[in-house]
Amino acid sequence: MRPAVKRLTLTDFRCYTHQRLEADDGPVVLTGPNGAGKTNLLEALSFLVPGRGLRRAKLADVMRRDSGDNAPAPGPSRPWGVAASVMTPRGKVDIGTGYLAGGQGGGKAENSGSRDKRTVKIDGEMVKSQAALADHVSAQWLTPQMDRLFLEGPGSRRRFLDRLVFDSDPAHLGRVNAYDHAMRERMRLLRSSGPGGTGGGADDVWLTTLEDTMAAKGVAVAAARLDRVRRLGEQLAADTGAFPKAAVEAAGTVEGWLGNGPALAAEDRFRDVLRAGRTKDTATGRATVGPHRSDLKVTHLGTGHGAEFCSTGEQKALLVALVLGAAKLKARELGAPPLLLLDEITAHLDDERRNALFDEISDLGAQVWLTGTEPDLFAPLAGRAQFFDVADARVTPRT
Ligand SMILES: Nc1ncnc2c1ncn2[C@@H]1O[C@H](COP(=O)(O)OP(=O)(O)OP(=O)(O)O)[C@@H](O)[C@H]1O
Ligand SMILES: [Mg+2]
């Protein structure tokens with residue numbers, strides 16, 4: 001059974017008051033005019049996996065606003081929710097996720113204060129952490145905003161890479177979070193107490209503990225990225241088709257150490273660098289070395305150019321190649337491809353590439369959600385996909 005969202009219900013989610021739709025397990029095409037609600041629907045699906053969704057939105061912003069009302073609806077009276085019945089390789093699972101402003105419904109730590117969290121229910125049971133979703137559903141997405149992925153700083157590429165990693169290795173999320181947490185705590189301590197005290201005082205002991213955690217988790221993060229990128233690189237090299245062949249590399253200091261020696265040596269080295277860098281890090285306000293600074297480097301093998309030097313269309317084709325490659329890899333390794341959410345994917349693709357994409361999607365055996373404003377562009381998928389019209393925040397099956 002291929003992973004697929006069979007039923008989706010949105011409640012007070014963005015432009016939707018209440019929307020329900022039933023889907024088959026193959027590709028789903030959503031078409032409609034600008035502002036109809038297509039991306040909002042993909043965003044709802046992206047909340048079926050851990051994280052902040054494909055817009056990286058604040059949870060309160062997702063709450064439905066009345067038209068003409070720029071402020072979110074007041075108070076906890078209008079929570080938003082996404083419910084889905086999902087077929088997974090391990091059977092059917094019912095997922096409910098949402099957000100209730102004002103700290104109700106999920107325990108206070110889940111919903112209040114600066115650590116804004118959404119609640120998650122799996123088969124009716126509230127779970128402590130949204131990370132549990134990764135045991136059931138995985139998803140990858142491409143949005144028009146990601147057209148700039150190769151032109152921006154490394155942060156968004158790192159996030160893209162980490163999503164590829166934890167899509168196949170859910171424990172990666174915990175590693176990244178533990179590393180980030182230790183890094184923040186270390187900076188907090190350096191800011192409040194200064195870098196002095198390497199002589200075994202209380203601050204030194206605590207700093208050393210945090211640096212130990214950073215070294216252990218940081219090396220694990222870098223190793224997981226290297227492993228995924230190596231496998232993805234092999235998959236991309238084996239891929240034939242209309243999308244460019246690409247080389248991928250996880251580039252960073254710790255990744256470099258791991259390439260030259262055993263993990264334990266990299267850990268020791270990272271720990272030493274952190275300890276020696278306390279004064280510098282205090283002055284700059286950030287740890288100058290570590291996997292929080294790594295980058296995903298992509299090369300178009302057809303031209304030999306780094307992705308950042310490619311044309312807009314070439315960059316889009318590279319992104320599609322990466323996402324399709326990762327989905328195929330996952331299908332090969334785990335027997336189940338991720339859900340793919342491809343927002344306005346046909347923009348920048350010529351006819352040949354668009355048709356090749358549709359063929360790849362059909363062969364992949366994944367539930368791929370595609371959006372676009374022009375229904376005609378999706379005509380080649382007739383008979384191979386389910387079509388919905390989206391207009392004025394209503395989704396209706398095309399008959
Ligand atoms: N919290 C919210 N409450 C109510 N409406 C919202 C909220 N957030 C966004 N919207 C509205 O939802 C509408 C649909 O947005 P969406 O991004 O889904 O459109 P779309 O169909 O993807 O359009 P496009 O083709 O331009 O990308 C927009 O008019 C937007 O202003
Ligand atoms: Mg859109």
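Lys38 contacts (heavy atoms within 4.5 Å) Tyr16, Leu30, Thr31, Gly32, Pro33, Thr371, Gly372, Thr373 and Val390, leaving aside residues up to four places away in sequence. The structure is a predicted model, in which local features need pLDDT of at least 70 and side-chain atom pairs count only at pLDDT 80 or more, while totals for chains, interfaces and linings use all residues. Residues are numbered from 1 along each chain as its sequence is written, and side-chain values use heavy atoms, with hydrogens and water left out.

Lys38 is found in helix 1 (residues 38-46); helices are DSSP runs of H or I with at least four residues, numbered from the N terminus. Lys38 is buried and has no salt bridge, the nearest side chain of opposite charge being Glu344, 5.9 Å away. Buried means under 20% relative accessible area, exposed over 50%, and partly exposed in between (1.4 Å probe, protein chains only). A salt bridge places a side-chain nitrogen of Lys or Arg within 4 Å of a carboxyl oxygen of Asp or Glu. Lys and Arg count as positive and Asp and Glu as negative, with His and the chain ends not counted.

Across the whole structure, 33 salt bridges are found. Arg228 and Glu333 form one of 2.8 Å, N to O. Because Arg228 lies in helix 6 and Glu333 in helix 10 (residues 312-334), this pair ties together parts 105 residues apart in sequence. Arg228 is buried at 9% relative accessibility, and Glu333 is partly exposed at 32%. Arg231 and Asp227, both in helix 6 (residues 202-238) and four residues apart, also meet in a salt bridge (3.1 Å, N to O).

Conventions. Chains are lettered from A and ligands numbered from 1 in the order in which they are written. Helices (H or I, at least four residues) and strands (E, at least two) are DSSP runs, numbered from the N terminus.
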